[in-house]
Amino acid sequence: KRILPSHLFVREKPDAVTGANPDDLKARLVAGRDRSEILYDEKSSPTVSADSLKAISALAARDRYSVGTVDFPGAFLNCIMPRECQQTFIQLNRFLTKLMVSIDKRFLKFVSGNGTMVLKLNKALYGCVIAAKLWYDMLRST
């Protein structure tokens, strides 16, 4: 089985209205994309080319259309990993493993001898190359 490294990115989340830095933090756990390329055969999702985006933007500006963007928070986290593809595992480093155990002592039995923990992904995670394809397929099927 292939095990991907994981990384945790944490930053302060400024207040949306005032821009002040409250006590809120935003964290994102990501899988090691650099090693997940080899796990999947069909892994890409269609993306718009920069030239197409510029052309559409120019047409919208010329015709005075309103243009907006949409963000789907946690989009990839809504996608279930397909059963037919190779199982994907991530390894939490010692710090993240200690954090998991401090949250719930039941995780202690999964800690390896070197202080890390290996987890099987049931849902897509940022950093998995297949995550964008799964998200695209999910949007297409609805």
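## Exercises on a predicted model

By the distance rule used here (a side-chain nitrogen of Lys or Arg within 4 Å of a carboxyl oxygen of Asp or Glu), the count comes to three salt bridges. The model is predicted: local features need pLDDT of at least 70, side-chain atom pairs count only at pLDDT 80 or more, and totals for chains, interfaces and linings use all residues. Residues are numbered from 1 along each chain as its sequence is written, and side-chain values use heavy atoms, leaving out hydrogens and water.

**Exercise 1.** Determine where the salt-bridge partners Asp-137 and Lys-133 lie, and state whether each is buried, partly exposed or exposed.

*Solution.*
Step 1. The two side chains meet in a salt bridge at 3.0 Å, N to O.
Step 2. Both residues belong to helix H4, four residues apart, about one turn of the helix. Helices (H or I, at least four residues) and strands (E, at least two) are DSSP runs, numbered from the N terminus.
Step 3. An α-helix has 3.6 residues a turn, so residues three or four places apart point the same way.
Step 4. Buried means under 20% relative accessible area, exposed over 50%, and partly exposed in between (1.4 Å probe, protein chains only). Asp-137, at 30%, is therefore partly exposed, whereas Lys-133, at 11%, is buried.

**Exercise 2.** Describe the end of helix H2 (50-62) and the loop that lies between H2 and S3.

*Solution.*
Step 1. H2 has 13 residues and reaches 18 Å from its first C-alpha to its last. This is close to the 18 Å expected at 1.5 Å a residue, the expected span being 1.5 Å times one less than the number of residues.
Step 2. Arg-62 forms a salt bridge with Asp-63, the closest N and O atoms being 3.0 Å apart. Arg-62 is exposed at 58%, and Asp-63 is partly exposed at 35%.
Step 3. Just after H2, Arg-64 takes a positive phi of about 55°. Arg-64 is exposed, with a relative accessible area of 76%.

**Exercise 3.** Identify which residues of the largest nonpolar core touch the most other members, and which elements supply the core.

*Solution.*
Step 1. A nonpolar core is a set of buried Ala, Val, Leu, Ile, Met, Phe, Trp, Tyr and Cys residues joined through side-chain atoms within 4.5 Å.
Step 2. Among the 21 residues of this core, Ile-90 and Cys-128 touch the most other members.
Step 3. Strand S2 (25-31), strand S3 (89-92), helix H3 (94-103) and helix H4 (130-141) each supply at least two residues. H4 gives the most, with four.
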